[in-house]
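Visitor: I am new to this structure and would like to learn how to read its features one by one. Could you take me through them slowly, giving the general idea before the case at hand?

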Amino acid sequence: MKALFAQNQLDTQRPLVTESVKRAVVSAARDTWEVYFSRLFPATGSVGTGVQLLAVSHVGIKLLRMVKSGQEAGGQLRVLRAYSFADILFVTMPSQNMLEFNLASEKVILFSARAHQVKTLVDDFILELKKDSDYVVAVRNFLPEDPALLAFHKGDIIHLQPLEPPRVGYSAGCVVRKKVVYLEELRRRGPDFGWRFGTIHGRVGHFPSELVQPAAAPDFLQLPAEPGRGRAAAVAAAVASAAAAQEVGRRREGPPVRARSADHGEDALALPPYTMLEFAQKYFRDPQRRPQDGLRLKSKEARESRTLEDMLCFTKTPLQESLIELSDNSLNKMATDMFLAVMRFMGDAPLKGQSDLDVLCNLLKLCGDHEVMRDECYCQVVKQITDNTSSKQDSCQRGWRLLYIVTAYHSCSEVLHPHLTRFLHDVSRTPGLPFQGIAKACEQNLQKTLRFGGRLELPSSIELRAMLAGRSSKRQLFLLPGGLERHLKIKTCTVALDVVEEICAEMALTRPEAFSEYVIFVVTNHGQHVCPLSRRAYILDVASEMEQVDGGYMLWFRRVLWDQPLKFENELYVTMHYNQVLPDYLKGLFSSVPASQPSEQLLQQVSKLASLQHRAKDHFYLPSVREVQEYIPAQLYRTTVGSTWLNLVSQHRQQTQALSPHQARAQFLELQQHCCASPLHPCRQPQWPQLSQHRDSWTGTVSCGGRARGEPAQCP
């Protein structure tokens with residue numbers, strides 16, 4: 001916008017005069033100011049996402065959060081995620097306040113009191129954009145053996161083309177119900193009688209109409225027409241949306257384009273597949289061409305020695321242009337600022353009043369706000385840690401730790417991914433190379449980020465100091481039923497699913513069906529607010545968010561589904577389930593009060609359960625009447641006098657004394673499972689949320705802050 005004002009010599013003293021300039025200013029604002037032309041709605045996501053607002057504009061939707069700003073008293077809006085209308089297949093409302101955005105490769109679930117207005121507005125935009133669109137999106141895979149047909153995967157964007165004309169002297173058509181229908185008639189009578197003709201990944205062919213649906217024209221396909229720059233520009237465009245990353249990054253699109261020599265136009269020497277050098281050969285700028293700003297390299301020696309390998313090696317001087325060939329000057333300037341930030345974090349450039357945390361947060365925010373720059377950021381960091389000859393002793397080490405942090409927050413495009421993965425793989429597995437451990441950790445972070453989306457909360461100063469000191473994990477307390485404590489090692493990319501799997505492994509549970517029955521809850525306000533965590537939620541993000549709300553927050557591990565049968569071999573498993581079931585049993589949730597005097601069978605069952613509870617406490621002595629009263633549900637205890645209960649419990653004493661506390665708990669669970677009228681089920685435990693799983697998003701019925709039951713469980 002500043003460049004536009006300067007170009008037209010505009011300021012506060014010179015008002016806009018011509019309509020064309022006015023239109024240019026408005027268009028620039030719409031394209032560059034992220035939420036300026038958007039309608040905002042209050043919205044929340046699952047715990048750990050940090051979503052506070054939903055912005056709907058003419059280009060798509062954005063998930064926003066209000067962050068504090070030193071310049072503005074009220075803070076400023078930060079874009080957490082952005083989705084174009086080309087990515088959105090359709091929107092549904094599973095419940096009154098719940099929105100489900102069905103995308104090409106994922107589902108986004110939000111909760112808003114104005115869900116109906118959001119759905120109506122989004123539907124109107126999508127419907128308008130689909131009018132006269134020449135694009136369709138695949139809703140199912142189509143992988144035919146016939147090479148004449150167009151193969152694609154779900155989520156691919158296909159550009160429709162006119163049907164192929166028949167060869168001269170031939171007529172094309174098909175037989176339908178014993179009648180020949182010609183291609184020319186199909187054009188007049190309907191779309192194409194069940195078949196379409198389109199192009200994707202440079203291939204063309206026919207495909208069934210029922211496998212696609214209309215889609216808005218994707219702006220990420222507007223690439224430069226020059227053949228020498230098409231693929232390079234595709235890298236920058238590919239990361240603009242998930243669908244485009246799949247579009248350009250798939251390995252099915254045929255043999256890779258071979259880079260040509262700048263001088264001779266001949267095929268360059270073939271390189272091993274998926275190395276960073278191969279990526280540079282395809283997508284980096286021509287190393288012999290001078291920078292766009294017209295500045296010459298400082299010396300003749302520098303000009304002569306500037307090769308492709310040099311562009312992937314450490315440099316002591318700031319870049320004058322991006323590594324990846326970007327046609328947009330504003331992105332090029334952004335790339336040079338980004339490289340200066342990399343140098344400052346590694347200690348190769350002065351901080352100029354900033355702290356390491358300031359530099360890091362600015363770099364992460366730049367990658368978060370401009371997805372197109374993430375590949376450039378990765379390439380710059382890899383460049384600076386390759387053949388590092390810095391005079392600063394810890395420069396290379398800090399560069400690797402910067403890469404470790406970036407891989408935890410932002411993914412790269414599918415184009416760069418195999419090259420970056422091979423780079424990390426080679427470093428971590430080549431004997432004798434330094435930084436093998438952190439290279440392996442970077443590789444693991446990258447895979448986690450691709451799977452779960454990356455961290456959202458910027459690292460605190462404490463976390464950053466720990467990472468710079470080489471400490472990549474912290475101990476986090478998780479509370480199991482009955483006050484059992486587990487201090488688990490939480491790494492930068494640990495998600496709730498990792499915690500569930502680790503605790504389940506300690507309980508000798510290894511099957512995915514078992515993992516799905518346990519959930520991590522975040523508890524605040526002295527236990528008054530209980531919220532289930534999404535399995536994709538990053539634990540350190542949740543901890544950072546909760547520390548701002550309630551420093552006394554707790555993380556609970558609980559079982560919420562009871563489809564899998566109980567096991568009685570593992571001591572932690574038995575103790576955990578015993579502690580979770582016992583309070584509900586004592587509240588009478590697993591038994592009903594008889595209308596008349598309890599039957600002898602019921603009295604024997606309840607008294608044996610009481611005796612097992614006494615032994616589970618590792619007591620050998622005969623319990624008192626007061627203790628017996630604590631072991632029996634109150635509504636049942638009142639049906640019989642205390643001395644009778646004591647006599648009944650003492651009848652089972654000899655049998656239970658031979659058991660260990662673990663065996664007593666196991667028998668309690670086994671007896672409870674078989675003797676109750678109904679099996680153990682979360683609906684018999686109203687103090688825990690009754691959860692229904694939809695992918696990795698959870699809704700609950702726990703009462704939070706006066707909210708009506710049945711609404712989504714949300715943190716305060």
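This is a predicted model: local features need pLDDT of at least 70, side-chain atom pairs count only at pLDDT 80 or more; totals for chains, interfaces and linings use all residues.

Visitor: Which residue does the side chain of Asp-123 meet in a salt bridge?

Guide: The partner is Lys-119, and the N to O distance of this salt bridge is 2.7 Å. Lys-119 is also partly exposed, at 24% relative accessibility. The two residues are four apart in helix α3 (residues 115-130), which means that about one helical turn separates Lys-119 from Asp-123.

Visitor: How many salt bridges does the structure hold?

Guide: There are 17 salt bridges, and one of them joins Arg-486 to Glu-506, with 2.8 Å from N to O. This pair links distant parts of the chain, since Arg-486 lies in strand β16 (residues 484-491) and Glu-506 in helix α17 (residues 496-506), 20 residues apart. Glu-506 is partly exposed, with a relative accessibility of 36%.

Visitor: In what order do the five strands of the open sheet stand?

Guide: As a general idea, the strands of a sheet pair through backbone hydrogen bonds, and they do so either parallel or antiparallel. Here the order is β13-β12-β9-β8-β14, and the pairing is antiparallel. The edges are taken by β13 (203-208) and β14 (212-215), each of which has a single partner strand, so one side of each is left without a neighbour in the sheet. On average, neighbouring strands of this sheet are turned by 45° against each other, when direction is ignored.

Visitor: How many bridges join β8 to β9?

Guide: Three bridges join these antiparallel strands, and Val-137 has Ile-157 in β9 as its bridge partner. On pairing with β14, strand β8 forms four bridges, again in the antiparallel sense, with Tyr-135 partnered by Ala-215 in β14. Both faces of β8 (residues 135-138) are covered, for Tyr-135 and Val-137 on one side are buried, as are Val-136 and Ala-138 on the other. Further along the sheet, β9 (residues 157-160) and β12 (residues 195-200) pair over two bridges, and Leu-160 stands opposite Gly-198 in β12.

Visitor: How should I read the length of a helix, and what does helix α10 reach from its first C-alpha to its last?

Guide: One compares the span with the value expected at 1.5 Å a residue, and α10 (residues 329-346), with 18 residues, reaches 26 Å, close to the expected 26 Å. Just after α10, Gly-347 takes a positive phi of about 90°.

Visitor: What covers the buried residues of α11?

Guide: The covering elements include α10, α12 (374-385), α13 (395-409) and α16 (461-468). Among the buried residues of α11 are Val-359, Leu-360, Cys-361 and Cys-367. Helix α11 (residues 356-369) has 14 residues and spans 20 Å between its first C-alpha and its last, close to the 20 Å expected.

Visitor: How many disulfides does the structure hold?

Guide: A disulfide needs two cysteine sulfur atoms within 2.5 Å, and the structure holds zero disulfides. For Cys-377, the closest cysteine sulfur is that of Cys-367, and because the two sulfurs are 3.7 Å apart, they are too far for a bond. Cys-377 is buried at 1% relative accessibility, and Cys-504 is buried at 0%.

Visitor: Finally, which residues does Gln-613 touch?

Guide: Leaving aside residues up to four places away in sequence, Gln-613 touches Tyr-578, Leu-582, Tyr-585, Leu-586, Tyr-631 and Phe-668. Gln-613 lies in helix α21 (residues 600-616) and counts as buried, at 3% relative accessibility.

Definitions and conventions:
Residues are numbered from 1 along each chain as its sequence is written. Side-chain values use heavy atoms; hydrogens and water are left out. A salt bridge is a side-chain nitrogen of Lys or Arg within 4 Å of a carboxyl oxygen of Asp or Glu. Buried means under 20% relative accessible area, exposed over 50%, partly exposed in between (1.4 Å probe, protein chains only). Two strands pair if DSSP finds at least two bridges between them. Axes are lines fitted to C-alpha atoms, for helices over the stretch in contact, and angles run from 0 to 180 degrees between N-to-C directions. The expected span of a helix is 1.5 Å times one less than its number of residues. Contact means heavy atoms within 4.5 Å.
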